[in-house]
Amino acid sequence: MRSTLNRLLCVFVLTVPAFAQIDSSQLRGKFGAPLSRETFRVPPGFDLVVDYGAGNQVCKLQVPALMPTDTSNTDDMAQQMRAFLAALVPDSTRGKELKQFMFQTGAFSAVAFEDYEYVTFAQTYRGSNDTITVTFKNAGCQQTPNTSPDKQGN
């Protein structure tokens, strides 16, 4: 009798996690449609994360603040990443520069912004894992996936 009870308990314990799993439809019901996101591995050795909006237009790009190189000179690494971004998002795509500003977000962290007509560059300064995020201001990027009626089944 005791071994039968142990077997039933074992079967119960092993099958409960299968019922406790969250699936895609539950997450979509709670949070809406997921972001359309791709990650590209760029040859110098870093990831370019791209979020897309309506019509598969690029809405956001994210890269590390420093280009991985053989040198330990952070100024050179930062310049190389800026050159990469200048080639990826040239002046003609940015539009006219509107303003630059910086927010102190903590004792040792800050965010610097470069605002242009068509894009905004935001660079985090935390001491490690600093990133540069380029956000496009086109109309297809202004909709959030959770609030568009067609995404909620309305």
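Predicted model: local features only at pLDDT ≥ 70, side-chain atom pairs only at ≥ 80, totals over all residues.
Good morning. The count of salt bridges in this structure comes to four.

Let me begin with Asp51 and Arg37, whose side chains meet in a salt bridge at 2.5 Å, N to O. Asp51 belongs to strand β2, residues 46–52, and Arg37 to strand β1, residues 36–42, so this pair ties together parts that are 14 residues apart in sequence. How accessible are the two partners? Asp51 is buried, at a relative accessible area of 7%. Arg37, by contrast, counts as partly exposed at 47%.

A second salt bridge joins the side chains of Arg41 and Asp47, with an N to O distance of 2.9 Å. Here Arg41 is exposed, its relative accessible area being 60%, while Asp47 is partly exposed at 34%.

The charged end of Arg94 sits over the ring of Tyr116, at 5.5 Å from the ring centre.

That brings me to the aromatic residues. A pair of aromatic rings is described by the distance of the centres and the angle of the planes. A search of the whole structure gives five aromatic pairs. One of them is formed by Phe101 and Phe113, which are stacked, with 4.9 Å from centre to centre and 20 degrees between the planes. Since Phe101 lies in strand β4, residues 97–106, and Phe113 in strand β5, the pair ties together parts that are twelve residues apart in sequence. Phe101 is partly exposed, with a relative accessible area of 32%.

What is the geometry of the rings of Phe103 and Phe113? Their centres are 5.9 Å apart and their planes stand at 80 degrees, so this pair is edge-to-face. The cut-off matters here, because planes over 60 degrees apart are assigned to that class. Phe103 is in strand β4 and Phe113 in strand β5, ten residues apart, and this pair too links distant parts of the chain. Phe103 counts as partly exposed, at 47% relative accessibility. Phe101, Phe103 and Phe113 together form one aromatic cluster.

Strand β5 itself covers residues 109–116, and Ser109 is found in it. Is Ser109 buried or exposed? It is buried, with a relative accessible area of 17%. With neighbours within four places in sequence left aside, Ser109 is in contact with Gln104, Tyr125 and Arg126.

I turn now to strand β7, residues 131–136. Five of its six residues are buried, so the strand is largely enclosed by the rest of the structure. Which strands pair with β7? Strand β3, residues 58–64, pairs with β7 in the antiparallel sense over five bridges, and in β7 it is Val134 that stands opposite Leu61. Strand β6, residues 119–125, also pairs with β7 in the antiparallel sense over five bridges. There Gln123 stands opposite Ile132 of β7. The hairpin of β6 and β7 has five residues between the strands, and in it Gly127 takes a positive phi near 100 degrees.

Finally, let me place these details in the chain as a whole. The chain contains four helices and seven strands. From the N terminus on, the order of elements is α-α-β-β-β-α-α-β-β-β-β. The chain has 154 residues, of which 26% count as buried. Among contacts with a separation of 6 or more, residues 24 or more positions apart account for 31%. The chain exposes about 10,900 Å², and carbon and sulfur atoms supply 57% of that area.

Thank you for your attention.

Key:
Residues numbered from 1 in each chain as written. Heavy atoms only, no water. Helix = DSSP H or I, 4+ residues; strand = E, 2+ residues; numbered from the N terminus. Buried < 20%, exposed > 50% of the residue type's maximum accessible area, 1.4 Å probe, protein only. Contact = heavy atoms within 4.5 Å. Phe/Tyr/Trp six-rings, centres within 6.5 Å; stacked < 30°, edge-to-face > 60°. Lys NZ or Arg CZ within 6 Å of the ring centre and 35° of its normal. Pairing = 2+ DSSP bridges. Areas by Shrake-Rupley, 256 points an atom, 1.4 Å probe, with all protein chains shown as cover.
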